[in-house]
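Thanks for coming. I have one chain to go through this morning, so please look at the structure while I talk.

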Amino acid sequence: MFVTLTADDLYIARKLFQLEIYKRNGQNYEDFFSKIMRLHNIDFIQIKPQGQFGDRKNDGFIKSTGQYYQVYAPENLSHKEKDTIEKLVTDFNGLYAYWNTKVTPILEFNFVLNDKYQGTYPSLHPELTKIEENHAGVKCKPFLSQHLEDIFLKLPHSNIEDVLGKIPTAENISLNVSNLNEVIEYLISLKDGASPENFPVNPDFEEKIVFNSLSSPAATFLRYGSYQDGALKDFFKINSTFAKDDLKNTFSKLYKDAIQEIPDSDSKNDLVFFDIAKKAYPKQGKVYQDAVFVLMAYFFSYCDIFEEPPLKQQQTLFQ
């Protein structure tokens, strides 16, 4: 049965996709790109490197349309202007020498960059134009994260989940205590020596959502997760306090890591939210997703993740 994604589903899928873009470099990004392109067009052919010849400067192509793709995804593109230009020129020359005459004429050359939504150097565009001027009939353009995202979000629901795993939904969150143990054991294994910290008292839940500029989909996950708060507290009552303290430190560390790793943007806090959730799943499956969102709601309410709104000052008679 064909399932249409809702606006919230697409929003969540987009945030999860952006997290993949931020964390992937090199071959890992190329594999991600190729998987999406194959799902997008069954005629897309990924080229496997072959011994000393490599991939002949071609990471993938569509023979019927003469479209070629060459991927460049260094860890930090912002420090690679000279390398980027050199790779463009070298790769195109190698591509043209082999594929244009031996396979099918190059009509479109896409220089695929994992720019992590930062854009390209101005100096790249004159080089692309120079290639067009020197090779009649060839169109050259950069292919950035935004272009891959556009293709990705138009894929059928099943293909999107094939890439990202199941898209979580908030409305049916429930807590299965038998799975909670497995989630907690996994999370505690992630704590990486975090030291105990003093955490502030819990602020107003809704006020904290607003203060941290969380979107409606992220807020919905927290609210529905908090509805299971009673079951979670019952679980903590019959288990050691060490587990709860370890979890608190684990979530705090996941939050701090995400804040440091994810670039600033208008939706950074949402990306942080979904980054924590994704790293906290021990494995794919709704029962694990639900347990993680219930735990996140609990530790969100006690300020172990995300920022606490400033205390309201009592007004004096003269204010």
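Which residues in helix H4 (residues 124-134) are buried? They are Leu-124, Glu-127, Leu-128 and Ile-131. Before going on, the ground rules. This is a predicted model, in which local features need pLDDT of at least 70 and side-chain atom pairs count only at pLDDT 80 or more, while totals for chains, interfaces and linings use all residues. Residues are numbered from 1 along each chain as its sequence is written, and side-chain values use heavy atoms, with hydrogens and water left out.

Buried means under 20% relative accessible area, exposed over 50%, and partly exposed in between, with a 1.4 Å probe and protein chains only. Helices (H or I, at least four residues) and strands (E, at least two) are DSSP runs, numbered from the N terminus. Contact means heavy atoms within 4.5 Å.

Back to H4. An α-helix has 3.6 residues a turn, so residues three or four places apart point the same way. The cover over the buried residues of H4 includes helix H3 (81-102), strand E4 (108-113) and strand E5 (139-143).

Now the whole chain. There are 13 helices and five strands. Of the 319 residues, 47% count as buried. The C-alpha atoms fill a box of roughly 75 × 55 × 40 Å along the principal axes. Among contacts between residues at least 6 apart in sequence, 75% join residues at least 24 apart.

Next, the cores. A nonpolar core here is a set of buried Ala, Val, Leu, Ile, Met, Phe, Trp, Tyr and Cys residues joined through side-chain atoms within 4.5 Å. The largest one has 72 residues, and Phe-33, Leu-148, Phe-273 and Leu-295 touch the most other members. Helix H13 (residues 286-301) gives the largest share of this core, 11 residues. Apart from it lies another core, of 20 residues, including Leu-88, Phe-111, Leu-113 and Val-138. As for Phe-33, leaving aside neighbours within four places in sequence, its contacts are Phe-44, Tyr-69, Val-71, Val-112, Phe-143 and Leu-148.

Asp-91 is found in helix H3 and is buried, at a relative accessible area of 2%. Not counting residues up to four places away in sequence, Asp-91 touches Lys-57 and Gln-70.

Where does Lys-57 lie? Lys-57 is in the loop between strand E1 (44-46) and strand E2 (60-62), and counts as partly exposed at 31% relative accessibility. Its phi is positive, about 65°, although Lys-57 is not a glycine. Most residues other than glycine have a negative phi. Lys-116, in the loop between E4 and H4, also has a positive phi, near 50°; Lys-116 counts as buried, at 13% relative accessibility.

Asp-55 sits in the loop between E1 and E2 and is buried, with a relative accessible area of 15%. Beyond neighbours within four places in sequence, Asp-55 is in contact with Ile-47, Pro-49, Gln-50, Gln-70 and Trp-99. To finish, the C-alpha atoms of Asp-55 and Asn-212, 157 residues apart along the chain, are separated by 46 Å.
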